[in-house]
Each structure stands twice: as C-alpha cells, then as structure tokens.
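Subject: Structure handover

Hello,

Please find the structure below. My notes on it follow.

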Amino acid sequence: MFSLFKSESTKLRETAKNWLYHAGKVYHFRKDRLSDSDVSELLRRSEEVKAGMKDKSESSDNRLRSSIESLKEHMEQVGGNYYPRGSMAENVEFFFAALIIYVGFTTFFIKPFKIPTNSMWPSYYGMTGEVYADEDEKPNAIEKAFRFVAFGAKHYEVEAPASGELLIPMVKTGSGSYRLFERPANVKRYFVMNAPGVERVLYVGKESVSFKYPADFNMDRQVLLPLQEADEESPFDRLLERGSLNQNAFAGTANEVVYDPRSGRNVNVTVHLLRTGRQVEAGESLLSFDLMTGDQLFVDRMSYHFVSPKVGDGFVFKTDTIPSVAEDKFYIKRLVGTPGDRVKIEGTTLYVNGEPATGSVAFDKNSKMEDNYGGYTTMKGRGPLAVDLSTEQTVPERHFFAIGDNSHNSSDGRVWGYVPPDAVVGRPVMIYYPFTKRFGLAQ
C-alpha cells in the first residue's frame, strides 16, 4: 500500500536489491560448479548493480536499469535451479519456511488450542449443540454460511429414508440387556484431516440412514437431552426403556458392518430393531441441529519458564506422562493445587490450605452455584478415585493438581491424579474463535 507514495527511483533501487539477493544465492550455491570466468562475470555485474544503487545522479536510473538487465541475462545462463525459479519452487520454499517458523513459534511461545469437551464449561465451551425442533427455526443457506464462519457451526439434518415406522438398531450384550448400536467412524477436520468420530444409524422399515459426529461431542447431553427437556420428539426417545426390553419390543433384525481393530477386518453385527411406534414420512426431518465448535485459545508457553503456575490459572498440559490417562492429548483444567498445597471439597466449595480457594472467579461462582456453575463435587461413590477430596489431600512435591470448572462433568485429577512438571504446557491467554461474547482475554 505504501509503495504508492514512493518515487520511481526508490522503487527501482528496491528492485535492484532483490536482484542482488538472487545473485547472491546463485553465487553461494553454484560457485563450485561454475567456471572461474562465469563466477567473475557474476561478481562483476553484481558490483555494477551495487554501484548503480549508490549513484544519485540524474542519469543513474537508466544505467541502473541496464545493469539489472545485464545481471539478469547472465543469471539466466548460470543460475541452474536457483534462477530462474518457477512459481512452484518459490511457493514450496515459502511454505516450508512458514512451516518452520510456525512450528518454532508454537513450540516455544504461543500455541493454538481447541477445547473439545465441556469439562471447563461455562468458563470455556467445548463442542455444544443447538437444536431446531421447529421447521421455522432452521437456518437458511445464508444463515448457515454466516454461522459456519462466525461460530464454526456445522448443520446436521437427518431425514427419514422412507415412509413407515421409525426403528432404532440395538445390540444385545452378553448379560442379555440391550445397548444402542453405534460404531467408530472417521470425520473430517478442517475438511481434509481424519479425526475420530461416532456413527449412529436409524431405520425406517428396511431402509437406513446414518450420521457421523466427532467422538468428543456428547450427543446425548447436547442434543437429545434439550429435546427431552423441551418435551419434543427425538428418534431415541424409547432408549429410556432399554433396561426392560424383550423380543416383543423389536420389529426384527438387520446386519451392520463394523471394523474390528483386533483382527483388522470388517465384521457383520446383528442389530435388533427397536420399535418406537412413531410413523414418519419419507424426507421428514428426524433430527436437526447445529454442532458448534469448541472455544479456540492461544496458550502462553513461555511465562511458566519464568514464573511458577498459580492456583486459579487455566492450566494446559499433556497427558502422555500421566499413566492413568493413557492418551497423548492436550488437556485444559483449572489449577487448584501447587506442590505442598492442601486441597479439599466441602459441600459446593473448594478449599485450599484451609481457606475457600481464590485466584479465579470460577471458584466463587461454583461455591455459590451462580451463572451456570454447578458447584464442586468430590465424585465419591462414582467409582475408583485417584484423589478423594472428601478428605484433605496434600499435593506431592514437584506435582500439580487440576480439576474442571464443570465439576460434575469432568474427568480430571480426582480420577487420574496429579500432573508431573514435565507435562505442563502453559496457560490460556485469549479466546480467538468463535466470535461470541467469550471472545477476548481468557478467564
């Protein structure tokens, strides 16, 4: 833009500087393969360009243009793969240079991070669902495009493949009970990358329709529960009865194919088609919702090299060195204990060193159960716990303790224990996407 205000002479000298850069590359990378006379000629013509750049007389511009053309002509003869460069070679070189800069920057300074689950809700949002029970509520094509750009919203529309009774495929377990049939699947991330997903199937008569969604998305909580609470229909309403099902509840069986990772082959699975009693027409909407992307953050990887993590920080860490997690992922939780801190939960309040925890608004709001914060829970009675906060626990030396703000729906340190120092990544500093009211500095 500022080149509009530059004189032609200034622009010419900038062009000359660029040609000298290319001549330097040819010299350094090709001098051992060129004859002495070619090298001498390259240096001579480069010096003529340098002299022309320094000359400020009235006729210097014409001489400089002539020197540039002379240098360019010689480089075309001796430049090999370094000049002239095709656009593909230039683009590849630029791509790898940018990639190296990006990797270095995200390794040492700022790392982008996407929150998949809602363990930190409502401080940070994971993937959430927005359900459309009414035809009039559904977004049109323009609204879908806007919501995709602004909020990362992907629209799902599941339509009946035929007319008849809606049936839900179930799988019989070894104990004789039934569970919903679903299978692992790949979903596209950024349109090209495969990511773990889940595929669910619905039948109408003998026809089936399926839909896939990311494995970290809680379909039951984010889509089916809101429909149930609004007293609206969903295809899976009969699932509440699955504990007392018998053969009379099914309309027959069908075969589905599932990939078996143990054998590395596809295998046939018999599914039992649960009657719903709901008659649908071909093309009728069975399920309509938007899947909203999780908050995307910039994580500061640098400051923890100079200052110690503090209770109340948003806390990002890797899980590959935490044995009980057994996954190579990045997690974000709230740091509630540093080495030597005593941590306990009483009622809905988190205590650190005998006092209600301070350092984050989430502590106080959870204690008071305000603004959708549900209060803290020890999780005692829900299975084996690595850290039982119903009694005061002391964080071991050189370790940290972290739990989710959404205490009732978070797999965290209570389940898998303490975070070692080599797992620590950094703290979130900003939500940069989606463009909601949460955009801005991280809590």
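Helix α6 (residues 219–229) lies across β2 and β11, running at about 25 degrees to β2. Helices here are DSSP runs of H or I with at least four residues, strands are runs of E with at least two, and both are numbered from the N terminus. Axes are lines fitted to C-alpha atoms, for helices over the stretch in contact, and angles run from 0 to 180 degrees between N-to-C directions.

This is a predicted model, in which local features need pLDDT of at least 70 and side-chain atom pairs count only at pLDDT 80 or more, while totals for chains, interfaces and linings use all residues. Residues are numbered from 1 along each chain as its sequence is written, and side-chain values use heavy atoms, with hydrogens and water left out.

The sheet under discussion is open and has three strands, in the order β2-β11-β3, with antiparallel pairing. Two strands count as paired if DSSP finds at least two bridges between them. β2 and β3 (154–159) are the edge strands, each pairing on one side only. From one strand to the next the twist averages 25 degrees. β2 and strand β11 (residues 285–292) run antiparallel and are joined by four bridges; Thr 128 stands opposite Met 292 in β11.

Met 120 sits in the loop between β1 (110–114) and β2 (128–131). Its relative accessible area is 0%, so Met 120 is buried (buried is under 20% relative accessible area, exposed over 50%, partly exposed in between, with a 1.4 Å probe and protein chains only). Which residues does Met 120 touch, not counting those up to four places away in sequence? They are Ile 332, Lys 333, Arg 334, Ile 403, Gly 404, Asp 405 and Asn 406, where contact means heavy atoms within 4.5 Å. Met 120 and Ile 332 are 212 residues apart in sequence, but their C-alpha atoms are 7.7 Å apart in space.

Next, strand β7 (residues 193–204). Nine of its twelve residues are buried, so β7 is largely enclosed by the rest of the structure.

- Strand β6 (residues 182–189) runs antiparallel to β7 and is joined to it by eight bridges; Val 187 stands opposite Ala 195 in β7.
- Strand β8 (residues 207–214) also runs antiparallel to β7, again with eight bridges, and Gly 197 stands opposite Pro 214 in β8.
- Strand β4 (residues 164–172) pairs with β7 in the antiparallel sense over two bridges, with Leu 166 opposite Val 204.

β7 and β8 form a hairpin with two residues between them, and Gly 205 in the turn has a positive phi of about 65 degrees.

The axes of helix α1 (residues 8–30) and α2 come within 10 Å and cross at roughly 160 degrees. That makes α1 roughly antiparallel to α2 (under 35 degrees counts as roughly parallel, over 145 as roughly antiparallel, 65 to 115 as roughly perpendicular and the rest as oblique). By class, the contact of α1 with α2 has ten nonpolar, two polar and three charged residues. Ala, Val, Leu, Ile, Met, Phe, Trp, Tyr, Cys and Pro count as nonpolar, Asp, Glu, Lys and Arg as charged, and the others, Gly among them, as polar.

Helix α2 (residues 36–54) packs against helix α3 (residues 60–78) at an angle of about 155 degrees, with the axes 9 Å apart. That makes α2 roughly antiparallel to α3. The residues of this contact divide into eight nonpolar, five polar and five charged.

Regards
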